[in-house]
Protein chains: 2
Amino acid sequence: MDNARVKARTLSGFMELMPQDQLLFNKIASTLEEHYRLCGFLPLDTPILENSDVLLAKAGGETEKQIYRFTKGDSDLTMRFDLTVPLAKYVALHYNDLVFPFKRYQIGKVYRGERSQRGRFREFYQADIDIIGDGELAITNDAEIPSIIYGVFSALGLTDFTIRINNRKILFGLFLMLSIEEYAEEAMRIVDKIEKIGRDKAAGELRDMGIAAEKVELLLQFIAISGSSEEMLSQLRAFSRGEELFERGIHELECVVKAVSMFGVPEESYKIDLSIARGLDYYTGTVYETSFDKHPEIGSICSGGRYDNLAGHYTDKKLPGVGVSIGLTRLFFILNEMNYLNRQVSTPVDVLVLPMTESYEEAIAFASLLRTNHLNAQIYFEDKKFKNKMSYANRINVPFVAFIGEDEIKQRTVSLKNFISGVQVTVSREEALSVIRGSLEEIGDTKIINCT
Amino acid sequence: MDNARVKARTLSGFMELMPQDQLLFNKIASTLEEHYRLCGFLPLDTPILENSDVLLAKAGGETEKQIYRFTKGDSDLTMRFDLTVPLAKYVALHYNDLVFPFKRYQIGKVYRGERSQRGRFREFYQADIDIIGDGELAITNDAEIPSIIYGVFSALGLTDFTIRINNRKILFGLFLMLSIEEYAEEAMRIVDKIEKIGRDKAAGELRDMGIAAEKVELLLQFIAISGSSEEMLSQLRAFSRGEELFERGIHELECVVKAVSMFGVPEESYKIDLSIARGLDYYTGTVYETSFDKHPEIGSICSGGRYDNLAGHYTDKKLPGVGVSIGLTRLFFILNEMNYLNRQVSTPVDVLVLPMTESYEEAIAFASLLRTNHLNAQIYFEDKKFKNKMSYANRINVPFVAFIGEDEIKQRTVSLKNFISGVQVTVSREEALSVIRGSLEEIGDTKIINCT
């Protein structure tokens, strides 16, 4: 039986990284987490498996096809396909013990049984933030969300992005003004993909739906309105015919844009874009998308918006919210493909301690000193030739090697080799600490993403 | 359809924490992670779903019964039930790209479809560390593992524990000396549970297997040998009749114990315990268990050992290793039950900023100042009465509330209320930073676990 070997393999569509890349991925995730905590979001960790009726309470046919669902004993189980439905369940279930507004972040794996293709994943991380109100939720929260996106991407070192903001009430209001509200849902979907399919194709599809040609023209002119936020808002106001929803949308958008700049988001990092509609019927106000300036073809890397009622499928409490989601696994894949990742920031270990004698006592003591001083240290205990030890150090890509041989033991020193510069010095152990620290601080200041 | 509500519920055996507890859980996990990194371990994150033949390559009937296995399209899939099998697969699959010794940690969810009962989980976190060699792996690695367990538990604030160390070669050698090696595997299992079932019952079971009464007596005398490490080692040596495996076991145990103290683990935190056998046939040398001194009934909270061949089911490469695993979800549950968790260390947010006028600009500016200075800040934007705002602050358990009203805006100050002491001061914004920092540093020095 021992000889009947199984071929070791990983399912396609499931990302499995080598340690060096995993370090980078984790650094991105922890940067997100730290920033979310800074902004007052609390962590949440819900199960990956849930009762199917709970997860699929509001799902449609498309979702059902793409999920991992199975039975075990009497239970009908589904692996979560997003982090929003579990949040809705959580808030409905624990309503009495939560304090609203409830700000939560969750970074976790979700599952979609889609057809596998390059850059599409069946298991992937989402990083979500949401602010949930009880009954109502102030509009200024809608402005904090883009400021957090800006803060997170800036902390990572990404500069090549624009947050695009719109308000679905404006689009809905326009549909009302044009008396084409019956087509709203489908028309939103077409508007949403206009960048991908082009103006002419979108116009054709809208006409095919039954919208009169001149109304299609008006609609397309409308969503193409451009300029600075101020210019666009005044053009929008000029467009208004007293339609209430439309005017409420403009007012909300104005509040959001005004507060976004209070949060310190620079003008060049966000803009109003009237073509952002988000396909989901779920959003009812502010909507966001974030795209790379130099790579618009990649589409949105961080999307979300305002919804009126998070958990209507589980509770009669009205729980409005606003949030965004980053597809972390896909983002990592893209950053890697674009060569945007700064590999030098992912040092596997700061120092490799190499005992050069058979007595390990001093090598262990030095490693302990490093660790007490918050430096990551590995000790190499294998009985190998010097050549092999050096090759190990080279292959793991360590910045410092500390040799502890007979002389170093006698004199209580350490011979420290900087593997980047090649320079080797023999110094006291305390001095070694400051040499290593100084050098690592330089690396530590480097951002994870370099897109210049 | 909107009225057909589904009851929001979470599967039994699946831990879902409230935010305050989640903060504590995450703090424990990040303390582990930080310590593993300090000791040179690299992160790994393997898929939760794998091909069933890969995960079950070496599984027996018991495992098969307890797993979540299902088909999707043509694929026969299983949710991982531990982190060791995925590690074996990973190392076999990526053998050519890894550098050995390969030190990895993984903290992740695993799944067991066991009958649900209090304190037993179907979805739970394991935190594993392993050091994998290529062909061979020095024995000193076996000593570093308990030093890491010691370091991790100490960093958490746990003092009430003992790491118990044994070597299976000694037990196997003894079976050879007594000519009862044919009973070895079953006898190990009985020895392993002797603390639970008691000496007499164990003796009975061993005799029932067919081992002669005087040999059972000798075996039980042997595993009851006690004393300091040095005393025990010398008693073991006296027991030896030149049996090679037995002597190799003693030699290895001696090396491990000697090096463990070099790593700075104090005498009172570890001991040799000849009754530690570990049920799994997988271990071939050093074995570890860690138990609470005051609560031995809980059993081991961190177990592991040395194995000769990690990935024999996937590759002909010989990959020996040594590692331990912490059942993190169970540990958290136990610490909570024992009232060992220090709730004051999990502050949801450092400062709640309360704008007292309709202009948010200064409140946002102050929150941004806090965040830039690495203080977690939340701004309350809801249009509520003062009473409600204060009740919110109380309920989220925030240490500081910063009021920004008309006076504060005019004078560029902030009124800062310490919610623990009740003291309120009006100070400049820079002063506020240092007041908050000073107070939080005190909390920051508190350990997560308090077991005194």
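**Close-up views of a predicted model**

**View 1. A lysine over a ring in chain A.** Lys417(A) places its charged end over the ring of Phe419(A), at 5.6 Å from the ring centre. The structure shown here, as in every view below, is a predicted model.

**View 2. Two aromatic pairs of chain A.** Over all chains, the model holds 39 aromatic pairs. One of them is the edge-to-face pair of Phe292(A) and Tyr340(A), with 6.2 Å from centre to centre and 85° between the planes. Phe292(A) lies in strand β9 (residues 286-292) and Tyr340(A) in the loop between α13 (328-337) and β12 (351-355), so this pair ties together parts of chain A that are 48 residues apart in sequence. Both Phe292(A) and Tyr340(A) are buried. Tyr380(A) and Tyr392(A) form a tilted pair, with 4.8 Å between the centres and 55° between the planes. Tyr380(A) sits in the loop between β13 (377-379) and α15 (386-396) of chain A, and Tyr392(A), 12 residues away, is in helix α15. Tyr380(A) and Tyr392(A) are both buried.

**View 3. The surroundings of Lys169(A).** Lys169(A) is found in helix α6 (residues 168-177) of chain A. Its relative accessible area is 8%, so Lys169(A) counts as buried. A polar contact of 3.0 Å joins the side chains of Lys169(A) and Glu252(A). Apart from neighbours within four places in sequence, the residues in contact with Lys169(A) are Leu245(A), Phe246(A), Arg248(A), Gly249(A), Glu252(A), Thr284(A) and Gly285(A).

**View 4. Strand β15 of chain B and the strands paired with it.** Strand β15(B) (residues 413-418) is mostly covered, with five of its six residues buried. Strand β14(B) (residues 400-404) runs antiparallel to β15(B) and is joined to it by four bridges. Within this pairing, Val401(B) has Lys417(B) as its bridge partner. Strand β16(B) (residues 424-428) is also antiparallel to β15(B), and five bridges join these two. Here Val414(B) stands opposite Val427(B). The hairpin of β15(B) and β16(B) has five residues between the strands, and Gly422(B) takes a positive phi near 85° in it. In a regular strand, side chains alternate between the two faces of the sheet.

Note on methods
Residues numbered from 1 in each chain as written. Chains lettered and ligands numbered in written order. Predicted model: local features only at pLDDT ≥ 70, side-chain atom pairs only at ≥ 80, totals over all residues. Heavy atoms only, no water. Phe/Tyr/Trp six-rings, centres within 6.5 Å; stacked < 30°, edge-to-face > 60°. Buried < 20%, exposed > 50% of the residue type's maximum accessible area, 1.4 Å probe, protein only. Lys NZ or Arg CZ within 6 Å of the ring centre and 35° of its normal. Polar contact = N/O pair within 3.5 Å; in protein donor to acceptor, adjacent residues only side chain to side chain. Contact = heavy atoms within 4.5 Å. Pairing = 2+ DSSP bridges.
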